[in-house]
Amino acid sequence: MELHDATTNSSSTSVPFEISGSSSQQHVVHHDNRLSSNHNNYSKPQRVRHKSSVQFDDALLHDDSARLIYINDPKRTDDKCELPGNEIRTSKYTIVTFLPKNLFIQFHRVAYLYFLAIAALNQLPPLAVFGRTVSLFPLLFVLCVTAIKDGYEDWRRHRSDRNENNRESLVLQHDDFRPKKWKNIQAGEVVKIFADETIPADMVLLGTSDQSGLAYIQTMNLDGESNLKTRYAKQETTAAVSSEACRVSGVIRCEQPNRNIYEFTANMEFNGLKFSLSQSNIVLRGCQLKNTDWIIGVVVYAGQDTKAMMNSTPSPSKRSKLESYMNRETLWLSIFLFIMCLVVAIGMCLWLVRHNSQLDTLPYYRKRYFNNGPDNRKRYKYYGIPMEAFFSFLSSIIVFQIMIPISLYITMELVRLGQSYFMIEDGDMYDANSGSRFQCRSLNINEDLGQIRYVFSDKTGTLTENKMEFQRASVYGKNYGNSLVVADDTAAPVIPRRRWKLKSEIRVDSELLTVLQSESHGDDRIAAHEFFLTLAACNTVIPIPTGGTFSSPGTSESDEDMEGIEYQGESPDEQALVSAASAYGYTLFERTSGHIVIDVNGEKLRLDVLGLHEFDSVRKRMSVVIRFPNNVVKVLVKGADTTMFSILANDSESHNTIRDVTQSHLNEYSSLGLRTLVVASRDLSDAELEEWQSMYEEASTSLHERAAKLRQTAAFIECNLKLLGATGIEDKLQEGVPEAIESLRQAGIKVWVLTGDKQETAISIGLSCKLLTADMQQIIINGTSEADCRNLLGDAKAKYGVRSSSNQNRKQKSNAGLGDLDIPNGSKSLSLPKWNPGQEEGTTAPLALIIDGNSLVYILEKELESEASLFDLATSCRVVLCCRVAPLQKAGIVALIKSRTDDMTLAIGDGANDVSMIQMADVGVGICGQEGRQAVMASDFAMGQFQFLKKLLLVHGHWNYQRVAYLILYNFYRNAVFVLMLFWYILCTAFSTTSALTDWSSVFYSVIYTSVPTIFVGILDKDLSHRTLLKYPKLYTAGHRQEAYNLHLFWITMIDTVWQSLVLFYTPLFTYKDSAIDIWSMGSLWTIAVVILVNVHLAMDINRWVLITHAAVWGSIIITYGCMIVLDSIPVFPNYWTIYRLAVSPTYWITILLIIIVALLPRFTCKVVCQIFWPSDIQIAREAELLRKRHNHVQSRQQVSS
């Protein structure tokens, strides 16, 4: 994620949204995520102007919409009984609503409605083809399995809710703190929390164990961030609160509940005083109290009104691409089913017309009974030819119902679950540094990982470690940091008295240390002193002394003891700057709500904090007003260069010179990939201070447009600044990133980096991670107006010969081959259609597009012409780098690709400003990084490092795609061959919709007899080893070309299915044509033959045989025989004892063998011919893999023999 240097060039353009160490900036990020939460309705990215940002910051709170909280008076607070209690509920069902609600959700699947209609038709007497109970079994089985799973998950939620609601906290009751269950706590009640306890509701702090009202909280349960944050009780209330009692009474006027966890606007009236409350005065439900003995607060939001509960919305559901294709093929099967039923109905109609006069004597259609029982001479229920034909049509639908495979849904869920287990357990995707395993947070898009064409990646914390290290400093026009050494080795001789030991070693510049320790009072010495004072003071970092003492080698006796200290901050940048200041002798070691204490080379310097203007995305800077011991008041400012240089003083030539030199240093730092900030300060006169204090007081207590007024107040003092210098912080690349990006590129995947960093920084990182190469032709789009952007895009397209193309052409281009697969060991090579993405016409250099967020505002919000130009240019480039982009712009870029191509997109990021992009992409991946778990919680998959994406896509993605694609085709084939066998039988029995198979055989076929092998093959089968897939990334392009599943393959499979069904039906007829075999014996033969046939068919396509695969495939045949023996042993069934009579005949076994050979011979022949003459890349690689194994086996045997 991006921090302070993520700015725009103009204040009139869109507002970038970033995370920094300030609450207000994080607030804006959350707004953006809220805006992007309805991303399913996203059409075009909306331009976000300053005005809308102001409106959001202020929350536009009016007195008539405010919530009144009377402290320690819950009855008066909720006098209208409108406020919710503190009981929470995350479960979906209750005992009463479970059955109807769960069924309603399940029947959103159209296939379930189809089978419900089939079961209902079968209950009608004229249509009762199967037993009425039997016909309900498949649907009830699927519904029950899903309901049990959903019920178990909801029971766990109920258990979690119950445990949470029954926790206890101390609540002020009758002037004494007494335990009370969380679910009974109400708004207005005063609650006491001890160290390490969890906050039960959103509370405004009234007092803490610290005299200054300071408290430390950890928000990991809320946003995943482990760093401690400071919260303050107002000084006006702190004095009235003690550990034993709370004598505060008053009223809080606050905003209505909202989802924004980074902002709180309220006023408090207490003892005739009215003062403002902000986000720093509230602690939220789910946070934990740390490093503070106790706090006392009043509940303002409870239960479902708490910000934690209002943010607990699930991620949007996503459907896999293969599943959408499956629905297309299901439609074709439905049409095929309709045609079959129509043929049966028309055939029956013609038969009845032809034999109308013979219906009393012909089989199947007799009008009268001719037995000697009580029904003798009675008439059948004959409805006439039209109605009989209609009933025949409906009966055919019931007989052929499994043409639409209902078991496929359950099978796919089980297969995806198994695939997820092996991905989670993959040791190569375990991050030892963070102790985090791979996470599958969505089980329905595993196969999409094998078809990714575009990867949209954040930079900071995703490609880089987000562990900042202070590297360079420009102080008063002089560049430092070219030669750095560890502070302990250099600083010891020059830093006297007390020293502090940081948790990690910081390298320093000895020349800069010399300037700081000199006795000179020159401008450079003063500027350096103020420079590091600003770094130590202008932040929200919390210093935490660790209490231990350390020895420093090489120092004198008096100086060898050092006290440990570490810093906790919401921004890694701020922690790096404060740590750097400490290494140079300016150690921040104490912070309260009113002052800070800095150890300046062994001397304590106490500074009174008069006010703090936190970093926000509009100003792009942060400032603090401090009073020195000599009563001098200064404003210390740090911020992005684009906003800082415009507010510097231009009062002398020397200042302008320093400014120009510093700008050149900043350009140098950016070219090195460093993150930059500018540092400045100014003195405030008494008159300015008084006016600022008046403005600050009015702005901070305003309930209307508070944020805008605070920005105006900040602008009053953030002007005519004296430039002190600039900083350069390194954010190192994660391990394995360059190799991962190169492998993804070879796999035909385009990697786009979307960052909020400066353009120079992004280009430098792009070069270091091998995203950009020296031979690439860079196209830079930095437009300042709509016309400018249009011209730049048009010129670039014209210069590099980029042609506009229709959507159809784009899709064809995106699915083209990506070159030859070069595999050694003498195996065949396959020449594929060559297409070199990102290579302009007339030149051999690949293209790289670099565009800034300012230009994207004008392009994405305008007419389709600009969007189309950007799309044509971007998709013609091998690399796209988007700099200074806001979260909504990230989502907009992903939406641009999704709306104009059929290509699969993947977004990967680590923080809150990546959530909109992650949710917009087809597949979202969250990085368990340094900036909390917002991205992880919104993602479909989560992992510890970017480099794991290589194995996730190239190995697991490839396997999952191949498995699920084959699983779908096989299920279509398996059910269709069974249905077609029944169809041929009906055609030979006067279109009567009778069946030679028992009802239970028809039901068990897809549920028991043939389902288990497909599950294990879908989980365990591997066409290639992970080593081969990683060695040859181009094998991944099989997913791009849809080799494993496409409409052509579907129709080939259906043709093969027709052939196999004909062989299956007619072979036994010809074999037994002169015998006296009964129809139930023939049905028993067909049942066992079709089960063996489809399992042998499956066995022909298995690439990796393991013990459990053998057990599943051959075991299913044994289970089928076992079930048939049981069913044929029940005397009441019409097929009683048939299997025993058939099995003793050699003809029975020869017939089954003949069916298998004749049915599968065309398929076997086609497979052999294709693999010899037209092998695919995967088949070539598999052949090479087998050759290597044989070669290694021969070598090992020779070594053993020698």
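Trainee: Where does Asp 196 lie?

Mentor: Asp 196 sits in the loop between strand 4 (190–194) and strand 5 (202–208). Keep in mind that this is a predicted model.

Trainee: Buried or exposed, or partly exposed?

Mentor: Asp 196 is partly exposed, at 48% relative accessible area. Exposed would need over 50%.

Trainee: How far apart are Asp 196 and Trp 294 in space?

Mentor: Their C-alpha atoms are 9.3 Å apart. In sequence, 98 residues separate Asp 196 from Trp 294.

Trainee: Switching to salt bridges. How many does the structure hold?

Mentor: There are 33 salt bridges. One of them pairs Glu 323 with Arg 416, with 3.4 Å between the closest N and O atoms. That pair links distant parts of the chain: Glu 323 belongs to helix 10, Arg 416 to helix 12 (residues 407–424), and they are 93 residues apart.

Trainee: Why does Glu 323 count as buried?

Mentor: Because its relative accessible area is 13%, and buried means under 20%. Arg 416 is buried too, at 5%.

Trainee: What about Asp 458 and Lys 890?

Mentor: Their side chains form a salt bridge, 3.4 Å from N to O. Asp 458 is in the loop between strand 15 (452–457) and strand 16 (464–475), and Lys 890 is in helix 27 (residues 887–900), so the pair ties together parts 432 residues apart in sequence. Both Asp 458 and Lys 890 are buried.

Trainee: Which residues are joined in a network with Arg 1163?

Mentor: Start with the bridge from Arg 1163 to Asp 1101, at 2.5 Å, N to O. Arg 1163 is in helix 39 and Asp 1101 in helix 36, 62 residues apart. Salt bridges with shared partners join Asp 1056, Asp 1101, Arg 1163 and Lys 1167 into one network.

Trainee: Pockets next. What volume does the second largest pocket have?

Mentor: About 1800 Å³. Its lining has 48 residues; Lys 1167 is among those nearest the centre, along with Glu 1043, Leu 1049, Gln 1171 and Gln 1179.

Trainee: Which helix gives the largest share of that lining?

Mentor: Helix 30, with 8 residues.

Trainee: And the nonpolar patch on the surface: what accessible area does it have?

Mentor: About 1100 Å² together. Its members include Trp 332, Phe 336, Ile 346 and Trp 1051. Helix 10 (321–354) gives the largest share, 10 residues. Helix 35 (1047–1071) also supplies at least two.

Trainee: How accessible is Ile 346?

Mentor: Ile 346, in helix 10, is partly exposed at 46%.

Trainee: Last one. How many disulfides?

Mentor: A search of the whole structure gives 0. Cys 349 is partly exposed at 26%, and Cys 719 is partly exposed at 24%.

Conventions
Residues numbered from 1 in each chain as written. Predicted model: local features only at pLDDT ≥ 70, side-chain atom pairs only at ≥ 80, totals over all residues. Heavy atoms only, no water. Disulfide = S-S within 2.5 Å. Buried < 20%, exposed > 50% of the residue type's maximum accessible area, 1.4 Å probe, protein only. Patch = residues over 30% accessible without salt bridge, like charges linked within 9 Å, V, L, I, M, F, W, Y side chains within 5 Å. Areas by Shrake-Rupley, 256 points an atom, 1.4 Å probe, with all protein chains shown as cover. Salt bridge = Lys/Arg side-chain N within 4 Å of Asp/Glu carboxyl O. Helix = DSSP H or I, 4+ residues; strand = E, 2+ residues; numbered from the N terminus. 1 Å grid on protein atoms, 1.4 Å probe; cavity = no way out; pocket = protein on both sides within 12 Å on 5 of 7 lines; lining within 4 Å. Points joined across faces, edges and corners; volume = space filled by probe spheres on them.
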